[in-house]
Amino acid sequence: MYEKEVLMKKFIYFYFLFLFISQQVYSDDYVIRYWNDNDQTAIFEHNSFKYTWQFQRFDIPSPCKIKAYTLYLSGKPANVKVVLLGHQGGSPIPNLFMSSGKNVLSTEQLQFQGSQKPIPITITLQTPIDFYNDQCFVGFYTDDPDSTYFNTTVTNVNPSCQSPEGGTFNYQTLTDFKSVDSTYNWRVGSYAYFCDLVVEFIWGNTKGYFPNRTVTSGLSPSLTDSTIAWGDINNDGYLDALIGGRLYLNTQDGGFKEITTKAGLSGKPAANAFIDVDNDGDLDIIFLNSNPQGTSLSKLYLNDGNGNFVGKDINLPAFRGVSAFSIADINNDGYPDIFIAQSWSTDPPNLLPNYMLINNKNNTFTLKGGLCQTPVARRTLGTQFVDYDDDGDLDLFVTNYYLEQDELWENKGDLVFTDVAADKAIDMLTYQGKTYSNYGMGVDWYDFDNDGDLDLMLPQYCPTNFIALGFQGTTIYRNSNGKFTNTFDFQKGASSLGIEYEEAQSGGAWGDIDNDGLVDLILTTYYGCRYVDLYKQNTDHTFSNVTFEWGLNRIATGDDAAWVDFDNDGRLDLAMSMDRNFALYKNLYNPTIPNNWLELDLRSEVGNSQAIGAKVKVYTPERVYTQEVTAGRGRNIQKPSRLHFGLGNSNVITHVDVRWPGSKTYLTYYNIKINEINKIVEKSVSVEENKDLINHNSLNIVGANPINDRLQIEFQTAKNNYVKLALYDLQGNQVSNIMTQYLNPGKYNIINNVQNLPVGIYFVRLTADGENLYKTIIINR
């Protein structure tokens, strides 16, 4: 990945054995160093390479508090600058700091008094730094490198990790940041500087909540991680797995049994997916085959309802670089359609088109040319259908690589889609008067802040030297009624929500790992020696790194990941990879007082059988949770259509609202049980039967309360009647007549602007059929 020359071994030696120098002793502290008392000391000649900075890299085995660091210097008196740097995007060299000055944990300007022999210079941090990543750097700079030296050993130290793509993780680097040619401004040494890092480890041992259960669950350890799908092929209530073309039946005891050959499947597809192509209630299988020549035919396997599949070639385009797929019934005819994306086929890359394929209702598809296609093809790596604007129809998001803008195709109805990504300022940045985009890698939409709007999470590759130009790593766009706020902090060079910048992130997925009602986030990395990050959401909607605590430390993953409750215990397990082979990690988190949960299995007898595209709102006294049923997202990943909700300590679900595919209104369902998998079926009913489903009036405030300027209200009426919705102050004065209108029975959603009202407490009153319902709101800015 990095074109760096190995440091020239040209030294001036001090001809004595380095004597141990006593250091400050810290209680419960540990000193990380890569030298010993008998190491010979040396310096690098400056005339062999005009270095300006020298860096010692430290491998951090577990979360810690960094308390102090020591450098051993010699030579003439000089002004010196010492920096403590953070993770540096996971790179083996601190290029992020040198190119942008970012990710600095501590800076010290010192007056070195000079010494013929190396002496320790210790910087004790006034406030210890909590550190949750796997490496940090100590850097040294002097105005006179010909006379003042950062002393080095002459003993080779083996790299902590090596990878063709990720780099070689040595411990010693020098740089000439004034070099005109950036290709030659780094040198990497195979030694270590005389440098110490004093830390206090926060965790003695990992709690190991996510042990690897791949082999013990009956799955092969050699499965590819390139495409993963979850679905219930025999409708027994347990999720089965389709991994790289191999089919595993859930044995309902925490294990799986391979039935690939028995089921009649063969081949190694570029992508595999579950799809009820004939809408008969049984999941069929599609293999999207791909090769650089475009000569491989895709395959459809029809489920006979008894776990047997009949294969047939299918009339799809000849794919050369399948990278993503998403399934949805975009024309609301009850049959699932499919969008298939491609990246590139050769190096240098040939751009390949994406395709929208419409289900013909006879187990074939028709290409809808031009639909959700850009005039010039882009290198797509992720896709997902989502109703981002909450208008009742599915839009499509497309993530593109290689500085090509992502696409947000807004559904206008009647198979008309318009790309509004630029209008929403998604994946756009300006540098020297020109507009650029990022290296998109994946996508996952989720209402992570529980405000009722689905937010956009974009895993992104970003070279360390690109941060200085305004490019960004992984970020979250917060959605507020179809308007987006990018949470990436360009001044910091990382997310403002606590997600640390990582150069090589490739995928990510939302899931509530502890069922506390605040969804968490797994982020995967593509290169070797680059590691997965698990972030737990805090109550203020920021995130904390819990990778080590939960047992996922130093796992080099692959393209993407999916959360799945494969054993039906209410805890989300993790399907991703280890060293580019598929791996299944079982969730063993079991606190003394466990949080509650809910899983919803939606099926339809009216539209597409898997209810793809349905939007669900779960109401508890504390919060409202919102999710959508999806099929295919990110990088050839299909998470279960069954929805999982963590409920925290809520022990009551007041009701669940479902807006079924093709509908603009919600139906309300009661008697939903917590800590169980609930099945909800959309049935074809008469008008009179449908009226019985909504048999009472209700009023709810959507999203966070206190509110700022936007009040969102959901209410339902049980009869045809005049309805009044109004806002009152504490004295009972009406301050806003939100609406007065004759309405039919049904569920309604109203958004009202309250920015002109002063801060305070107010009441929302719904008057319908002689009944008054009240909700309290607090306006706080």
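Author: A cavity is a set of grid points where a 1.4 Å probe fits but cannot get out. Please keep in mind that this is a predicted model.

Reader: How many cavities of 30 Å³ or more does the structure hold?

Author: There are 9 cavities that reach 30 Å³ or more.

Reader: What is the volume of the largest cavity?

Author: The largest cavity has a volume of about 220 Å³. Its lining consists of 21 residues, and those closest to its centre are W563, L572, K639, R642 and H644.

Reader: Which elements give two or more residues to that lining?

Author: Four strands are to be named here: strand 37 (444-446), strand 44 (505-511), strand 48 (562-564) and strand 55 (643-648).

Reader: And how do the residues of the lining divide into nonpolar, polar and charged?

Author: In the largest cavity, 11 lining residues are nonpolar, 3 are polar and 7 are charged. At least three residues come from each of domain 2 (228-598) and domain 3 (599-682).

Reader: Let us move on. What volume does the second largest cavity have?

Author: Its volume is about 180 Å³. The second largest cavity is lined by 21 residues, with W230, G231, L283, Q610 and S641 closest to the centre. Strand 18 (228-231), strand 22 (271-275) and strand 51 (596-604) each give two or more residues to this lining.

Reader: Which domains does the lining of the second largest cavity draw at least three residues from?

Author: Domain 2 (228-598) and domain 3 (599-682) each supply at least three residues to it. By class, this lining has 9 nonpolar, 6 polar and 6 charged residues.

Reader: Is Q432 buried or exposed?

Author: Q432 counts as exposed because its relative accessibility is 67%, and the cut-off for exposed is over 50%.

Reader: What about A611; where does that residue lie?

Author: A611 lies in the loop between strand 51 and strand 52 (615-619). A611 also has a positive phi, of about 55°, although it is not a glycine.

Reader: Then is A611 buried or exposed?

Author: A611 is buried, since its relative accessible area is 0%. The cut-off for buried is under 20%.

How values were computed. Residues numbered from 1 in each chain as written. Predicted model: local features only at pLDDT ≥ 70, side-chain atom pairs only at ≥ 80, totals over all residues. Heavy atoms only, no water. 1 Å grid on protein atoms, 1.4 Å probe; cavity = no way out; pocket = protein on both sides within 12 Å on 5 of 7 lines; lining within 4 Å. Points joined across faces, edges and corners; volume = space filled by probe spheres on them. Nonpolar A, V, L, I, M, F, W, Y, C, P; charged D, E, K, R; others polar. Domains from an automatic or database assignment. Buried < 20%, exposed > 50% of the residue type's maximum accessible area, 1.4 Å probe, protein only.
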